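Trainee: Could you take me through this model feature by feature, giving the general idea before the case at hand?

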Amino acid sequence: MKIDEIKKVLSDFTLFRELNDFELTKITDIAIARDWKKQSHVFLQGDPLETVYFIYDGKIKIYKSDINGKEQIVAIMKKGEMFPHVGFFRKGDYPAYAEVLESSKLIAVPISQFETVLIENPELCIKVFRVLGEKIVDLQNRLEEQILNNTYEQIIKLLIRIAQKHGREKGDGTILLKSEFTNKDLANMIGTTRETISRTLTKMKKDELIEVDDEGNMILNVDILLEEINLI
């Protein structure tokens, strides 16, 4: 990817959208575009934290693993997103794994060089804090869900969250969520079991809270699911 192409791609990211050409050039000068194959790892949990990545194309799974090898999915990242968010202001190691779920094109920005650019551009620094603030609020909400809600409510809120982020609106008030998430993936996102997810989804289909088409895609209405939570 040529420098001008990298500049155009980065200009679409929320973080860089309001930068002028001179400021954007400073970022582009230190950025490197690279292709990643499916099932490869961008970085491993515990690797030295040296680079922040911006997704131009593809899909990345961010997950943690405990000493027993149990996986906890932190996020599924797509085009237009950056990771890891902790990269800018944290020293040490990557706190999670980043696995390539689909062949991806990433733009890598070395943290040490990026920090120099931030120091020279206070406006950009403020925008970074804004993006991090939004991420912190999302993580705080998810933590509160785990503490305050039972598993059924957590599953409903998880479906709402991934439908809003990864689904496609059908125009009739429903959202189509493609069958890209397995029951194991869903379970790993909220720290429950695959069996619990399976039983809950079966119950929700029986109660007509969700539909599943012939291709295994899920069809849901966010308002109906929110109403179900409020009735509990």
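**Helices, sheet and rings**

Mentor: Let us start with a helix against a sheet: helix H5 (residues 151–166) lies across E7, E8 and E10, and runs at about 95° to E8. Axes here are lines fitted to C-alpha atoms, for helices over the stretch in contact, and angles run from 0 to 180 degrees between N-to-C directions; contact means heavy atoms within 4.5 Å. Helices (H or I, at least four residues) and strands (E, at least two) are DSSP runs, numbered from the N terminus. The model is predicted, so local features need pLDDT of at least 70 and side-chain atom pairs count only at pLDDT 80 or more, while totals for chains, interfaces and linings use all residues. Residues are numbered from 1 along each chain as its sequence is written, and side-chain values use heavy atoms, with hydrogens and water left out.

Trainee: In what order do the four strands of the open sheet lie?

Mentor: Strands of a sheet pair through backbone hydrogen bonds, either parallel or antiparallel. Two strands count as paired if DSSP finds at least two bridges between them. Here the order is E7-E8-E10-E9, with antiparallel pairing, and the edge strands, each pairing on one side only, are strand E7 (168–169) and strand E9 (210–212). Strand E8 (residues 175–177) is joined to strand E10 (residues 218–220) by three bridges, and Ile-175 stands opposite Leu-220 in E10.

Trainee: How should I read the crossing of H5 and helix H7 (residues 194–206)?

Mentor: Angles under 35 degrees count as roughly parallel, over 145 as roughly antiparallel, 65 to 115 as roughly perpendicular and the rest as oblique. The axes of H5 and H7 come within 11 Å and cross at roughly 75°, so the two helices are roughly perpendicular to each other. Among the residues that meet are Ile-155, Ile-156 and Leu-159 in H5, and Ile-197, Leu-201 and Met-204 in H7. For helix H6 (residues 183–190) and H7, the axes come within 8 Å and cross at roughly 110°, which makes H6 roughly perpendicular to H7. That contact includes Leu-186, Ala-187 and Ile-190 of H6 and Ile-197 and Leu-201 of H7.

Trainee: How many aromatic pairs does the structure hold?

Mentor: Rings of Phe, Tyr and Trp (its six-membered ring) pair if their centres lie within 6.5 Å; planes under 30 degrees apart count as stacked, over 60 as edge-to-face and the rest as tilted. The structure holds nine such pairs. Phe-16 and Phe-114 have ring centres 6.4 Å apart and planes at 70°, so their pair is edge-to-face. This pair links parts of the chain 98 residues apart, with Phe-16 in the loop between helix H1 (3–11) and helix H2 (21–28) and Phe-114 in helix H3 (residues 111–120). Phe-43 and Tyr-94, by contrast, are stacked, at 3.7 Å centre to centre and 5° between the planes. One aromatic cluster is formed by Trp-36, Phe-43, Tyr-53, Phe-83 and Tyr-94.

Trainee: Is Phe-43 buried or exposed?

Mentor: Buried means under 20% relative accessible area, exposed over 50%, partly exposed in between (1.4 Å probe, protein chains only). At 5% relative accessibility, Phe-43 counts as buried, and Tyr-94, at 5%, counts as buried too. Lys-7, found in helix H1, is buried with a relative accessible area of 16%.
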